[in-house]
Amino acid sequence: MWYRIGADIVVVVHLLFLGFLVGGAFLTWRWPRIIWVHISAVVYSAIVVFASFTCPLTVLEKDLRHWGGEVGYTVGFIAHYLVPVTYPPGLTDEIQNGLGGVLLMLVAIIGYSGSLRRHGWAVALRLPWLLGSRPAHYDV
């Protein structure tokens with residue numbers, strides 16, 4: 001029973017991480033420092049997807065399900081949970097990755113442009129040497 005609960009917790013953490021990937025650029029409007037965490041998460045995720053690595057959270061969930069007596073699944077997390085509800089049937093992996101990547105880039109561009117409009121380059125990217133004088137909202 002505890003293994004199944006652990007696996008469910010891993011699913012929630014995985015979904016929260018994916019939500020951060022999609023919406024993290026908008027969090028920079030309020031907390032500009034988070035931009036580096038978001039960019040790192042996006043780069044890591046791109047490496048996992050395009051290099052066909054298996055995410056450690058997926059491995060952990062599958063192991064917990066196996067230890068809990070469940071059969072589990074053979075594909076990746078996104079293919080198991082998200083593809084059936086987000087993509088029409090019949091798309092190849094390349095098309096799905098391309099569509100997902102384009103959507104993620106569009107959302108990030110919109111989010112980061114709002115952050116840059118609100119804070120400016122130096123504050124949004126935390127590059128103090130670009131600041132002529134330190135604005136009051138620098139330490140947001």
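A search of the whole structure, which is a predicted model, finds two aromatic pairs. Rings of Phe, Tyr and Trp (its six-membered ring) pair if their centres lie within 6.5 Å; planes under 30 degrees apart count as stacked, over 60 as edge-to-face and the rest as tilted. Local features need pLDDT of at least 70, side-chain atom pairs count only at pLDDT 80 or more, and totals for chains, interfaces and linings use all residues. Residues are numbered from 1 along each chain as its sequence is written, and side-chain values use heavy atoms, leaving out hydrogens and water.

**An aromatic pair**
- Phe-26 and Trp-29 form an edge-to-face pair, with 5.5 Å from centre to centre and 65° between the planes.
- Phe-26 counts as partly exposed because its relative accessibility is 34%; buried means under 20% relative accessible area, exposed over 50%, and partly exposed in between (1.4 Å probe, protein chains only).
- Trp-29 is also partly exposed, with a relative accessible area of 31%.

**Overall make-up**
- The protein has six helices and zero strands; helices (H or I, at least four residues) and strands (E, at least two) are DSSP runs, numbered from the N terminus.
- Of the 140 residues of the protein, 30% count as buried.
- Among contacts between residues at least 6 apart in sequence, 59% join residues at least 24 apart, where contact means heavy atoms within 4.5 Å.

**Helices α1 and α3**
- Two packed helices are described by the angle between their axes and the distance between the axes.
- The axes of α1 (residues 2–27) and α3 (residues 56–67) come within 8 Å and cross at roughly 160°. That makes α1 roughly antiparallel to α3.
- Axes are lines fitted to C-alpha atoms, for helices over the stretch in contact, and angles run from 0 to 180 degrees between N-to-C directions.
- Angles under 35 degrees count as roughly parallel, over 145 as roughly antiparallel, 65 to 115 as roughly perpendicular and the rest as oblique.
- On the α1 side, the residues that meet α3 include Tyr-3, Val-10 and His-14, and their partners in α3 include Leu-57, Leu-64 and Trp-67.
- The residues of this contact divide into nine nonpolar, three polar and four charged (Ala, Val, Leu, Ile, Met, Phe, Trp, Tyr, Cys and Pro count as nonpolar, Asp, Glu, Lys and Arg as charged, and the others, Gly among them, as polar).

**His-38**
- His-38 lies in helix α2 (residues 35–50).
- His-38 is buried, as its relative accessible area is 1%.
- Not counting residues up to four places away in sequence, His-38 touches Phe-20, Leu-21, Gly-24, Ala-25 and Tyr-112.
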